Amino acid sequence: MAQSDYSGSANSNDEIDLLDLFRKVFATWKTLVISLLMVSVAFGVIKAAQLVFTVTESVYSKPIRLTFPNANKLVFPSGAKFAYSDIVAPAVVQVAYERNKLSDYGLSVSELQAGLSAAPYAPTYPLVIARYQKLMADKKLTVENLNDIQKQMEKEIEQITSGEAVITLRLEKKELPKDVAEKVLNDIPAIWAERAMKEKGVLTINAQLASVNSLNSELFLGARGVELGDLINDKLALLKKNIKSLSEYEGAQSVVDPKTGMRLMDLSFAVGDFGNFVAGDLVSPLRQLGLSKDVKSSTYFYEDRVSRLKIMLASQKAELDVVTDAYNSYLQYERKTGEAGKDGQNGNSVAPQLSADMLDKLVNLSGDAVREKYKQELNEKRFSLTRDVAETESKLADSVLVLNALQKSVAAGGKLSVSDEQYLNKVKEQLPAVISKIQDFFGVSERIYKQLSIESVGIRDQLYIPVTNTILVKKVFLDVKETIFVWIALLFLTTVIVVPSCMIRNSMRSRALVIGAGV
C-alpha cells in the first residue's frame with residue numbers, strides 16, 4: 001500500500017500543472033510591460049534621430065515621350081538599335097556632371113552614374129505584371145496556356161510602354177536642391193539626343209537603295225543587241241527593290257515626291273507598266289530572234305551565263321536540302337517528344353502538370369519559346385532558300401531561251417537581214433529615251449526617300465519631348481514596413497528574454513521564502 005502511494009506521488013510530481021504555469025507567466029506582466037515600453041521608447045528615439053538627421057533616399061524622376069517612330073521596338077529611323085540605357089550612358093552623364101558643376105554639392109561622377117537609370121514609363125506596369133503573375137500561378141495551366149498568357153502579357157506591356165521613358169536619379173543619404181536636380185534631368189536627355197542626331201545620324205533613314213549612279217549609260221548604248229533586255233530588266237528590278245525597301249517604313253505610302261507628285265504606289269505601277277509595255281515591246285524581238293551585232297560573242301556570253309546559273313542553282317538546292325532535312329528532323333524529334341510526354345502523362349510516370357513553383361513554370365516556358373524560335377528560324381530560312389531557287393530557275397530558263405535563239409541565228413549563218421539591221425537602228429534611236437525614263441524613276445525613288453527621312457520623325461529635329469514641365473521628387477526618410485518589422489522583432493525578443501527571466505527570479509524568491517520559513 002505504501003508502495004502504491006509512493007508511485008502515485010511520483011506521477012503527480014512529474015505532471016505539469018498548466019494552471020500553475022499560466023499563473024507564473026501572468027505574474028511577470030508588470031515587468032514585461034515596463035520592458036516593452038522601455039524598448040519601444042528607445043527604438044522610437046533612435047528612429048526619430050535618424051529621421052531628423054538623415055535622409056535615407058532621395059528620388060528625382062523625369063518622364064519623357066520619345067517622338068521617333070518605332071520607339072517601342074527599340075529601333076531608330078536609321079535602323080540603329082536603341083536602348084533606354086543609352087540615355088544615361090557614361091559619356092552623357094559626364095557632360096551633364098560637368099555642365100551642372102555637381103562636385104560643388106559633394107557628388108562624384110560615379111555616384112551620379114550609379115544613381116541614374118532609364119526605363120519604359122508606364123504607371124500601370126506593376127499592376128499588369130501582378131495581374132499576369134497571379135494568372136500564371138494557377139497550377140492547372142499547361143505549357144500552351146502559359147505560352148498564350150506570356151504572349152498576351154508581352155503585347156499589353158508593349159502597348160502601355162510604347163514611346164515613353166522615365167529618367168530616375170536615386171541618391172542614398174544625399175540630396176540635391178530641386179532646381180539643380182531638375183536641370184540635371186533636363187540636360188541628360190537633351191545631351192543624349194544631340195549626340196545621337198549629330199554623331200550617329202539616327203534620324204536619317206538608312207535604307208539600302210540603288211541610286212541613279214548605278215545606271216551606266218555608256219554600257220546601255222554600247223550593248224550588242226540582245227543583252228540590252230537583261231540590262232533594262234536588271235535596272236527595273238533594282239527600282240522594284242527600292243520601292244519594296246521604302247514600303248517597309250511607317251508612313252511611306254503617304255509620302256509624295258515634291259517634283260512629280262508621285263507616291264510609292266504610283267511609282268510601282270509606273271515601273272511595272274514601263275517594263276511590260278515599253279521596254280518589253282522594245283527588247284522582245286531582240287530576245288526572241290537572237291538579234292545581235294556580234295552573234296558569236298553574244299552566244300558565248302549566254303553560254304557562260306547559263307553555266308554560272310546552273311552552278312548557283314545546284315549550290316542553292318544543296319543548301320535548301322540541308323535546311324529542309326534539319327527542319328524535318330526537328331519536327332520529327334518534337335513529335336516524338338510530345339508523344340512520349342502524353343504516354344507518360346497517361347501512365348502517371350511523369351507529372352501531368354507543371355510544378356506549382358512559378359519559377360519552374362517560367363523556366364519551362366522560356367525553353368519552349370526558345371525551341372519555337374529555332375523552329376521558326378529554320379522555317380524562314382527554308383522559305384527564303386525556296387524563293388532564291390525559284391528566282392534562279394526563272395533566270396536560267398530565260399537565259400536558255402535567249403541562248404537557243406542565238407544558236408539558231410548562228411546555225412542560219414549569223415548574218416543580219418535588212419529588217420534586222422533596221423530594227424537594231426530603231427532600238428538605238430529609242431534607247432536614250434528609255435535610259436532617261438529609268439533615270440527619272442530612280443530620281444523619284446531618291447526624292448521620296450529624302451522626303452521620308454524628313455517626315456518619318458513626329459517632331460522634326462527632336463527625339464523626345466518632356467511629359468511634365470517639372471520633375472517628380474520623392475524623399476524616403478523612413479521605411480515604414482522595415483521599421484514595423486524591426487519593432488515587432490524587438491518586442492518578441494524582449495518577451496522571450498524577460499518572461500523566462502522573471503519566472504526564474506520569482507521561482508528562486510519563492511524557494512528562498514520556503515527555505516526561510518522551514519528554518
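Predicted model: local features only at pLDDT ≥ 70, side-chain atom pairs only at ≥ 80, totals over all residues.
Arg65 has a relative accessibility of 34% and counts as partly exposed. Glu164 counts as buried because its relative accessibility is 18%, and buried means under 20%.

Another salt bridge is formed by the side chains of Lys317 and Glu393, at 3.6 Å from N to O. Here too the pair links distant parts of the chain, with Lys317 in helix H12 (residues 295-346) and Glu393 in helix H13, 76 residues apart. Lys317 is partly exposed at 36% relative accessibility. Glu393 is partly exposed, with a relative accessible area of 36%.

Glu227 pairs with Arg224 in a salt bridge, and their closest N and O atoms are 2.7 Å apart. Arg224, with a relative accessible area of 29%, is partly exposed.

Some salt bridges share partners, and in this way Asp230, Arg287 and Asp398 are joined into one network.

Thr67 is found in the loop between strand E1 (57-66) and helix H4 (90-99). Its relative accessible area is 12%, so Thr67 counts as buried. The side chain of Thr67 reaches the backbone nitrogen of Tyr464 at 3.5 Å.

## The second largest pocket

Rolling a probe the size of a water molecule over the atoms shows where empty space is left. The second largest pocket has a volume of about 470 Å³. It is lined by 15 residues, of which Asn233, Asp234, Ala237, Glu391 and Lys395 are the closest to its centre.

Which helices each supply at least two residues of the lining? They are helix H10 (227-247) and helix H13 (358-411). The largest share, eight residues, comes from H10. By residue type, the lining of this pocket divides into nine charged, three polar and three nonpolar residues.

Definitions and conventions:
Residues numbered from 1 in each chain as written. Heavy atoms only, no water. Helix = DSSP H or I, 4+ residues; strand = E, 2+ residues; numbered from the N terminus. Buried < 20%, exposed > 50% of the residue type's maximum accessible area, 1.4 Å probe, protein only. Polar contact = N/O pair within 3.5 Å; in protein donor to acceptor, adjacent residues only side chain to side chain. 1 Å grid on protein atoms, 1.4 Å probe; cavity = no way out; pocket = protein on both sides within 12 Å on 5 of 7 lines; lining within 4 Å. Points joined across faces, edges and corners; volume = space filled by probe spheres on them. Nonpolar A, V, L, I, M, F, W, Y, C, P; charged D, E, K, R; others polar. Salt bridge = Lys/Arg side-chain N within 4 Å of Asp/Glu carboxyl O.
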